[in-house]
Structure formats: structure tokens, C-alpha cells
Amino acid sequence: MHEEYVEAVLRCVERIPRGRVTTYGAIADVVGEQLGMGGPRLVGNVMGLHGGPVPWWRVVRADGSLPPSHQGEARQSYLEENTPMRPSGNVDLKSAFWQP
């Protein structure tokens with residue numbers, strides 16, 4: 001994985017405002033335009049390996065969900081940040097989406 005790609009993804013995640021989210025795909029689109037590489041899965045790999053220091057809970061799947069292993073910890077952050085949620089427990093992307 002290219003260090004430049006990792007840094008670009010992490011910079012993008014750091015810019016997501018409190019109470020808002022974006023998707024792996026939206027980040028992949030923006031970073032891909034800049035660097036000509038990547039995709040949602042690569043963004044997910046970056047987040048899995050290097051995303052601890054950034055607000056990782058603000059990056060969700062296209063349906064507003066997180067991988068099950070992260071839902072509990074993320075839910076607490078969503079409550080603290082007043083992130084709009086759906087009754088299903090997923091983030092309400094219509095209200096919370098931030099375009100990078």
C-alpha cells in the first residue's frame with residue numbers, strides 16, 4: 001500500500017465534521033481523483049490498518065452501517081456527536097452524509 005494513499009485517506013477522514021459521516025466509496029472517489037488509484041476496499045484496508053488515530057467511526061458503508069465488530073464503540077461516538085441515526089441502528093446517510 002502506498003504511503004501517499006494512506007496519508008490522503010487519513011487526511012480526508014480527519015476533515016469529516018463531528019456528527020457527520022462519509023462512506024468508504026466517497027473517500028475512494030476523492031482520493032482516486034487525486035492519486036489515480038484505489039477503491040472502497042482499499043480505503044477499508046487503510047482504515048483497518050492505520051485508522052485508529054482518526055475518527056474512524058465517521059466512515060461507514062454505503063448503507064450507513066459499520067462492520068459488526070465496531071458497532072458498539074461507534075454507537076457511543078454517534079450519541080456523543082448527535083449523529084442522525086435510523087431505527088435500524090445505521091447512520092441516517094440522508095441527514096448525516098458529508099461529501100469529501
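**Helix packing and a buried glutamate**

Helix α2 (residues 24-35) packs against helix α3 (residues 40-50) at an angle of about 100°, and their axes lie 8 Å apart. Here axes are lines fitted to C-alpha atoms, for helices over the stretch in contact, with angles running from 0 to 180 degrees between N-to-C directions; helices are DSSP runs (H or I, at least four residues), numbered from the N terminus. The two helices α2 and α3 are therefore roughly perpendicular (65 to 115 degrees). The model is predicted, so local features need pLDDT of at least 70 and side-chain atom pairs pLDDT 80 or more, while totals for chains, interfaces and linings use all residues. Residues are numbered from 1 along each chain as its sequence is written, and side-chain values use heavy atoms, without hydrogens and water.

On the α2 side, Tyr 24, Gly 25, Ile 27 and Ala 28 meet Pro 40, Val 43, Gly 44 and Met 47 of α3 (contact: heavy atoms within 4.5 Å).

Turning to helix α4 (residues 71-81), Glu 81 is found there. Glu 81 counts as buried because its relative accessibility is 9% (buried: under 20% relative accessible area, 1.4 Å probe, protein chains only). Leaving aside residues up to four places away in sequence, Glu 81 touches Arg 18, Gly 19, Trp 57 and Arg 58.

Trp 57 links this site to the aromatic residues. Trp 56 and Trp 57 are both buried, and the structure holds one aromatic pair. Trp 56 and Trp 57 form this edge-to-face pair, at 5.7 Å centre to centre and 85° between the planes (six-membered Trp ring; centres within 6.5 Å, planes over 60 degrees apart).

Key:
Angles under 35 degrees count as roughly parallel, over 145 as roughly antiparallel, 65 to 115 as roughly perpendicular and the rest as oblique. Buried means under 20% relative accessible area, exposed over 50%, partly exposed in between (1.4 Å probe, protein chains only). Rings of Phe, Tyr and Trp (its six-membered ring) pair if their centres lie within 6.5 Å; planes under 30 degrees apart count as stacked, over 60 as edge-to-face and the rest as tilted.
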